[in-house]
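Welcome, and please get your viewer ready for a short tour. We will go from one selection to the next and look at what is there.

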Amino acid sequence: MRRLLCSVPFILMAAACGGGGSSGAPASPPPPPPPPPPSANNAPEFTSTPTLSVAENTSGVIYTFEVSDPDGDEVTLAAVKSSDILLFDLNTDTGELSPAAALDFDSPADEDKNNVYELTVEATDDQGAATRFTLNLTVTDVAERGTIITISDTFEQPVYVTPIPGTERLAVVQKGGLIFAYNPTTGALGAPFLNVEADTSSIGERGLLGLAFSPDFETDRTLYVNVTNTSGDTEIRRYQMFSGSSTQADPSTKDVILTVAQPESNHNAGWIGFSNDGLLYVPLGDGGGSGDPNEKAQDPNELLGKILRLDVTGDDYPADDLRDYAIPAGNPFIGGGGRPEIFALGVRNPYRGSVDPVTGDFFFGDVGQNAIEEINRLPADGAGTNFGWDTREGTQEFEGPDDPAFTEPVAEYAHGSGPFEGNSVTGGYVYRGNIEAIQNHYVFGDFASGNFWSVPETDLVIGETVPSSSFQRLNDVFEGAILVGGMSSFGLDQQGRLLIQNFSGNLNGLEDQQ
């Protein structure tokens, strides 16, 4: 029997031919997915640091604003106007920032006058999205350098310089026995301020070595000198000025107020000066020789090797014409156990000192023996301080045994020829003037090496010792710092300018760099 074939199209075959399945309409294809929403525009992003410190007077490009756009859009940079940013030049193409003029730490130009400049910029992409960014730029101080000028080169073995109160003149002390009233403006010397050549021995380290004007000089017209007499002994003498003169002392008014026998011609020290409370400091060397052979410095019954303190306004010894002074209350041996004139002990050759008018402390250099040069600090309440010589030299044991009661130097340096070495310290001054490199520093030097240094006064702490590695070497700071011929003394003039004398004859001044 023949089979009947279905003739309907294939898509209807299942229904027409009795196959299984649904009888509904065919399914529609799925709709296409919706298009993605437009992407959000991201604002530019800064990646540079928000803080910066620069030294004053720095020039050129000091900073670059770094900005990028996450979407790769083009970015435009612009300064947001302020009084601070107007002081700078901004390259909007590179982001580079430069000071329009020198930034001066001492004269801040920022709006708050605190040396912090708030600099805001804005970055905008080409879609209009913007970001602001603020840089806080701090200007730091730089110690400005100075110069050394030669004021005069006409002196003969000058050993000390100090202002004559009430005048514009400087008293320049020459070792041979002359003091000149020098006018630094005109260069005039005139007649000697004081001439004691005839009764002065200047052999070795002897001579006219120190000068101190009475704290009431403009009223009492009195001055004091430290001089070696023709017998080789130290004399502290008092003189009066000629009537009506401010530039000449009367040699006939000589009054020897203290005499100290000197066994040798060296270690005569020489500086004298008044404390802030009007008492006269008289530092004395140990009498000379090597290693304090007579053991003077540690003997409280000997004046040598000590710092004396005298009240020259009184007289506790009216029957003794060679002891015209009183003993100040507070001297450690006023009640016995040693010479009442002594204020401090244990020094070798205290060469050049000064009293800081701000702290009232007495600073002095003490020349060493074999290895160490030292700076000592003695406060007005330091009665009985023992600096240790000749048991100790600086912080090192010399003869020994060491004693924890000794007061260590506040600074020391080793013997040698290096930039932080020397062989004979010259004590200096705390400088309170305007040269930033040494402002509020103690400035001192070395007679033999010609090096000179400074240390902040606040770093010179009693009981601690600043090593030479912490000194600021001023030969590298001051232009023209070639000091030839022995640094014999420092000084201050009427305006507080620091002076340096060279034994070869020069008087020099430290000044701001112009």
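**Starting in the core**

Begin by selecting Phe478: leaving aside neighbours within four places in sequence, its contacts are Gly146, Thr147, Ile148, Ile435, Ile438, Phe452, Leu510 and Glu511. Keep in mind as you look around that this is a predicted model.

Now widen the view. Phe478 belongs to the largest nonpolar core, which has 49 residues. Together with Phe193, Leu223 and Phe452, Phe478 is among the residues with the most contacts inside that core. Apart from it lies another core, of 22 residues; to find it, select Ile236, Leu280, Tyr317 and Ile327, which are among its members.

**On to a strand**

Next, pick His441, in strand 30, which covers residues 441-446. Is His441 buried or exposed? It is buried, because its relative accessible area of 13% is under the 20% cut-off. Show side chains here, and you will find a polar contact of 2.8 Å between those of His441 and Ser454. Ser454 is also one of the residues that His441 touches beyond four places in sequence; the others are Tyr429, Val430, Tyr431, Val455, Pro456, Glu457 and Gln472.

**Last stop: a loop**

Finally, go to Asp141, in the loop that links strand 9 (130-140) to strand 10 (146-152). Asp141 counts as partly exposed, with a relative accessibility of 40%. With residues up to four places away in sequence set aside, Asp141 touches Glu56, Phe105 and Glu436.

Technical notes: Residues numbered from 1 in each chain as written. Predicted model: local features only at pLDDT ≥ 70, side-chain atom pairs only at ≥ 80, totals over all residues. Heavy atoms only, no water. Helix = DSSP H or I, 4+ residues; strand = E, 2+ residues; numbered from the N terminus. Buried < 20%, exposed > 50% of the residue type's maximum accessible area, 1.4 Å probe, protein only. Polar contact = N/O pair within 3.5 Å; in protein donor to acceptor, adjacent residues only side chain to side chain. Contact = heavy atoms within 4.5 Å. Core = buried A, V, L, I, M, F, W, Y, C linked by side-chain atoms within 4.5 Å.
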